[in-house]
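Good morning, and thank you for coming.

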Amino acid sequence: GFKKQNRVKSVYDVNFTVGGPVVRKKLWFVVSLRRWAATNYVGNTFTSTGAQAIDDGALGDATLRLTGQASQRNKLSLMYSRHWNWRGHRPNNWVSTTTSDPISTVQAPMTLDYMGEAKWTSVVTSRLLVEAAMFTLPVFYNLVAQPDAAPNAVATYDPIRSTMSGVTPREDHDSARMNSYSGSFVQYWSPYDQ
């Protein structure tokens, strides 16, 4: 027969946001703090003890945005957002199994994760708006073995029994950076102008 499979073991989401003027009519701020986590049961996957496998993770975010009115027609916005991400027992997607012990899953810690943006907006005339922005995002993505895995452990995959044991069969260490730049202008017009 089929074993009962739940989908979510626990979940929470807490968010706090505050904002307002720093200098009246000149400089404003917004600060947002968020923490959320979820522990999900993995469908059709169990440990060797018969317990349903879990996929647990926790995320955090702290964001600061400053908006300054440089002049009557020019505005500058700066944003910095720092993220924390930890995934404790991510199932392996290298092979699909129905039995996988926690020691055979991977951890997915994010060691450096943030976004930064600067944006300038100018109302050139009552009918022309110009914007320019730059954005940066580093990407450090790691999949690593469980910290309590033995240094000489071997990943053992049994395709007949559909089991994975010993240690994760893969580790990934990826890093990159994305920078983007954009500019736009908007010309307003009306058919009633003629």
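Let us begin with L66, which is found in strand 3. Strands, like helices, are DSSP runs numbered from the N terminus, with at least two residues (E) for a strand and at least four (H or I) for a helix. This is a predicted model, in which local features need pLDDT of at least 70, side-chain atom pairs count only at pLDDT 80 or more, and totals for chains, interfaces and linings use all residues. Residues are numbered from 1 along each chain as its sequence is written, and side-chain values use heavy atoms, with hydrogens and water left out.

Is L66 buried or exposed, or does it fall in between? Its relative accessibility is 31%, so L66 counts as partly exposed. Here buried means under 20% relative accessible area, exposed means over 50%, and partly exposed is in between, with a 1.4 Å probe and protein chains only.

L66 also belongs to a nonpolar surface patch of about 400 Å², together with L64, L76, L78 and W120. Strand 3 (52-69) and strand 4 (74-90) are the elements that give two or more residues to this patch. A patch is made of residues with over 30% relative accessible area and no salt bridge; like charges are joined within 9 Å, and nonpolar side chains (Val, Leu, Ile, Met, Phe, Trp, Tyr) within 5 Å. The areas come from the Shrake-Rupley method with a 1.4 Å probe, and for residues only the protein chains shown count as cover.

I turn now to strand pairing, which requires that DSSP finds at least two bridges between two strands. Strand 1 (residues 8-23) and strand 2 (residues 27-46) run antiparallel and are joined by 14 bridges. As one example, G19 has V30 in strand 2 as its bridge partner. Strand 2 in turn pairs with strand 3, again in the antiparallel sense, over 16 bridges. There, W28 has T67 in strand 3 as its bridge partner.

Both pairs are hairpins. Three residues lie between strand 1 and strand 2, while five lie between strand 2 and strand 3, where G50 takes a positive phi near 100 degrees.

Which residue in the turn between strand 1 and strand 2 has a positive phi? It is K25, with a value of about 65 degrees. Most residues other than glycine have a negative phi. K25 is exposed, with a relative accessible area of 59%. N44, which is found in strand 2, is not a glycine either and has a positive phi of about 60 degrees. N44 is partly exposed, at 45% relative accessible area.

My last topic is charge. Side chains of opposite charge can pair when their charged atoms come close. A salt bridge is a side-chain nitrogen of Lys or Arg within 4 Å of a carboxyl oxygen of Asp or Glu, and by this rule the count comes to six. One of them joins R87 and D55, with the closest N and O atoms 2.5 Å apart. R87 lies in strand 4 and D55 in strand 3, so this pair ties together parts that are 32 residues apart in sequence. D55 counts as buried at 13% relative accessibility, whereas R87 is partly exposed at 30%.

Another salt bridge joins E131 and K119, at 3.6 Å from N to O. E131 lies in strand 8 (residues 128-145) and K119 in strand 7 (residues 114-125), so the pair ties together parts that are 12 residues apart in sequence.
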